[in-house]
Number of protein chains: 2
Amino acid sequence: MTQKATLADVAAVAGVSKMTASRALRGAPEVSQLSRDRVQQAAAQIGYVANPLAASLSSKRTQLVGVVVPSLTNTVFAEMLTGIVETIEGSGLQPVFGVTNYNPDTELDVLRNMLSWRPAGLIVTGLDHPEAAKILLRQSEQTLVQVMDVDGTAIGNCVGISHTQAGAEMARTLLASGARKIGYVNCTQIFDIRATKRLDGFRGALRDAGLEITAIQTSDTPSSAPAGRAQTRQLMQEHPDLDAIYYSNDDLAAGGLFHCLAQGICVPKGVILAGFNGLEFSESLPAQIVTTRTPRREIGQIAAQMVLDGDTDKCVQLMPQIVYLGG
Amino acid sequence: MTQKATLADVAAVAGVSKMTASRALRGAPEVSQLSRDRVQQAAAQIGYVANPLAASLSSKRTQLVGVVVPSLTNTVFAEMLTGIVETIEGSGLQPVFGVTNYNPDTELDVLRNMLSWRPAGLIVTGLDHPEAAKILLRQSEQTLVQVMDVDGTAIGNCVGISHTQAGAEMARTLLASGARKIGYVNCTQIFDIRATKRLDGFRGALRDAGLEITAIQTSDTPSSAPAGRAQTRQLMQEHPDLDAIYYSNDDLAAGGLFHCLAQGICVPKGVILAGFNGLEFSESLPAQIVTTRTPRREIGQIAAQMVLDGDTDKCVQLMPQIVYLGG
DNA sequence: ACCGGTATCGATACCGTTACCGATACCACA
DNA sequence: TGTGGTATCGGTAACGGTATCGATACCGGT
């Protein structure tokens with residue numbers, strides 16, 4: 001009881017060799033029904049728990065899937081993780097998470113650490129990594145999936161959306177609603193490359209219409225609804241005549257909406273607020289915002305499926321959707 | 001390049017034995033400065049990456065910390081995870097997450113799976129587990145920390161808050177504000193034992209004042225702001241004269257607030273809304289709600305520290321705080 | 001009765017690392 | 001010069017499994 005039961009113990013109790021016990025427990029075909037039953041019973045009897053470390057070392061294969069995300073508190077990544085977890089569930093694969101905090105140095109560390117486990121698959125966020133990380137990823141042998149973003153060159157498999165296109169589409173949507181004086185709000189405490197791509201696409205589409213962003217309100221606080229509220233207050237104070245405000249995500253946009261509600265500014269009549277992600281809570285907001293619904297859960301599912309299938313060069317571009325939430 | 005470099009390769013290049021190489025890389029004291037340098041240089045030169053599987057198998061120790069949470073999309077757990085991650089960072093420990101979806105059967109599976117890795121530490125959510133899980137936990141040898149809840153009997157270490165007390169305190173707060181007709185809103189799609197404890201405490205304190213909950217609005221949808229909005233609508237339709245509504249969490253409460261705002265109901269003048277957790281976004285809501293701020297990040301930090309320190313029977317009860325957010 | 005084939009099993013050699021203990025060298029000191 | 005102690009190293013045996021291949025038994029067909 002004090003010492004864990006080992007395969008040898010199971011084999012001894014079952015009266016077979018270690019190999020037969022191993023095969024029986026793994027469901028290998030070359031075991032007689034009799035031995036199989038005996039082994040399973042013996043294992044149950046002494047409470048045997050397989051040791052995946054030893055198995056991995058011996059077989060030179062692991063059942064690990066490394067998942068590297070920038071943040072856990074961001075619902076978007078949490079939902080992607082959920083997609084991954086629910087897809088690999090029951091496959092015998094084990095997800096291992098790493099968090100980079102949007103920091104390239106941390107990302108490199110996390111990646112190195114992840115790779116040291118020699119995972120069967122690796123799912124990393126984004127296409128943009130520090131050069132050293134790219135080298136690591138290229139050298140490594142396992143199934144690689146880069147998620148969330150398709151704007152750039154993938155090293156391995158790839159699932160996501162085009163943030164550049166998403167930004168452009170939002171610009172066109174706002175323009176179509178008649179907006180001409182448009183503000184932009186973001187947070188730069190962390191360097192969010194995908195938000196930057198959206199901004200680029202947004203700007204490009206405005207320029208195609210002969211327009212520029214009227215004002216940009218940036219802060220180096222973490223992105224959150226309170227930050228969105230504070231920044232919107234400041235932005236609208238300096239530019240009371242904006243037709244629309246594009247936020248780098250729904251949290252900021254919700255904060256912006258809260259500011260408007262508190263000030264009695266009518267949304268979207270007085271000003272259109274645009275976010276990104278289409279988070280669930282946005283659906284219940286008391287006024288309507290426009291946002292881009294991202295299929296993050298599906299991205300997680302597809303990425304996990306790619307790992308399961310051992311794909312190597314697959315690339316799936318998902319199409320986000322402009323939606324009007326709340327009201 | 002195709003085959004990973006092993007410790008033997010490092011040793012060969014450095015001109016020492018495997019043992020010396022191993023010791024040098026681990027920073028063991030019984031290595032001369034000369035050998036140490038040579039080994040480190042050799043390792044860097046051939047790009048050696050240590051294999052934690054082999055190390056763990058050989059040393060019978062792992063650097064793994066298993067973390068079992070009910071959900072990843074719930075910000076509360078994500079923030080606790082953040083606390084854990086930031087605390088064990090740099091200690092050489094590796095967090096491994098498991099998600100139970102509030103399902104006891106899943107919890108047992110996840111736990112079994114977690115334990116099979118023989119982690120150095122295990123952090124699980126709550127004090128209430130299926131009986132089989134409790135047995136597993138009691139038998140296992142590693143540092144165990146049960147987090148979030150202190151209402152009950154801990155198996156190992158324990159850090160959290162008393163949800164019963166939190167519920168009672170909220171009841172007293174609402175009573176002190178003059179509320180007499182009080183509604184309660186929750187979601188039961190998942191069985192949230194801690195929410196139940198809060199409700200018990202809440203009810204108890206009301207009874208102490210000779211009162212009962214006026215109406216309970218339950219739904220079996222997942223807990224979210226949209227659910228909160230829908231349920232509040234229904235509840236207020238049937239009971240338009242409520243003084244206050246207690247929600248099982250801030251998401252629902254925010255949804256409730258959105259309903260009131262959309263209906264032009266004044267909060268908190270017309271009705272007091274009470275949530276739980278004190279999420280960051282609640283701070284920016286355009287009207288004031290009352291909630292219980294929970295120290296979930298700190299809980300994660302303390303739990304991780306307990307694992308690092310190898311504590312066995314420590315129990316830390318943190319004190320939540322009633323706060324007024326938004327407005 | 002002999003043969004080839006299939007089903008079932010076991011012995012052995014690892015996987016890459018660390019624990020353990022013995023070996024060696026070198027030093028100060030008697 | 002011998003002796004004991006310390007610092008540094010290496011050989012060997014694990015750790016708990018799996019891959020591989022050879023051994024055995026048993027089958028049907030001729």
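1. A residue counts as buried when its relative accessible area is under 20%. With a relative accessibility of 0%, C260(A) therefore falls in the buried class. C260(B) is likewise buried, at 0%. The model is a predicted one, and the points below should be read accordingly.

2. Over all chains, the count of disulfides is zero.

3. The contact between the chains draws 47 residues from chain A and 47 residues from chain B. In chain B, L53(B), W117(B) and R118(B) lose the most area to chain A, and together they account for 17% of what that side buries. The area buried between the two chains is about 4,300 Å², and carbon and sulfur atoms give 66% of this area.

4. How many salt bridges and polar contacts link chain B to chain A? The count of salt bridges between them is zero, whereas 10 residue pairs are in polar contact, with both residues at pLDDT 80 or more. Several elements of chain B each supply at least two residues to the side that touches chain A, among them α4 (52-59), α5 (75-88), β2 (94-99) and α6 (104-116). The helices α10 (225-238) and α11 (250-263) of chain B are also in this group. By class, that side of chain B has 23 nonpolar, 16 polar and eight charged residues.

5. Over all chains, the structure holds 18 salt bridges. One of them joins E283(A) to R293(A), with the closest N and O atoms 3.5 Å apart. This pair links distant parts of the chain: E283(A) lies in the loop between β9 (272-274) and β10 (289-293) of chain A, and R293(A), 10 residues apart from it, lies in strand β10. Both partners are partly exposed, E283(A) at 37% relative accessibility and R293(A) at 31%.

6. Two further salt bridges deserve mention. E131(A) and R138(A) meet at 3.7 Å, N to O, and R138(A) is exposed at 51% relative accessibility. In chain B, D311(B) pairs with K314(B), the closest N and O atoms being 3.5 Å apart. D311(B) is buried, with a relative accessible area of 16%, while K314(B) is partly exposed at 42%. Elsewhere, D128(A), D149(A) and K197(A) are joined into one network by salt bridges that share partners.

7. A cis peptide bond joins V267(A) and P268(A), with omega about 5 degrees; P268(A) lies in the loop between α11 (250-263) and β9 of chain A. In chain B, V267(B) and P268(B) are joined by a cis peptide bond with omega of about 5 degrees, and P268(B) is found in the loop between α11 and β9 (272-274).

8. Which phi values are positive at Y102(B) and M148(B)? Y102(B), which is not a glycine, has a phi of about 60 degrees. Y102(B) sits in the loop between β2 and α6 of chain B and is buried at 16% relative accessibility. M148(B) has a phi near 85 degrees, lies in strand β4 (residues 143-149) of chain B, and is buried at 8% relative accessibility.

Key. Residues numbered from 1 in each chain as written. Chains lettered and ligands numbered in written order. Predicted model: local features only at pLDDT ≥ 70, side-chain atom pairs only at ≥ 80, totals over all residues. Heavy atoms only, no water. Contact = heavy atoms within 4.5 Å. Buried area = accessible area lost by both parts, 1.4 Å probe. Salt bridge = Lys/Arg side-chain N within 4 Å of Asp/Glu carboxyl O. Polar contact = N/O pair within 3.5 Å; in protein donor to acceptor, adjacent residues only side chain to side chain. Helix = DSSP H or I, 4+ residues; strand = E, 2+ residues; numbered from the N terminus. Nonpolar A, V, L, I, M, F, W, Y, C, P; charged D, E, K, R; others polar. Disulfide = S-S within 2.5 Å. Buried < 20%, exposed > 50% of the residue type's maximum accessible area, 1.4 Å probe, protein only.
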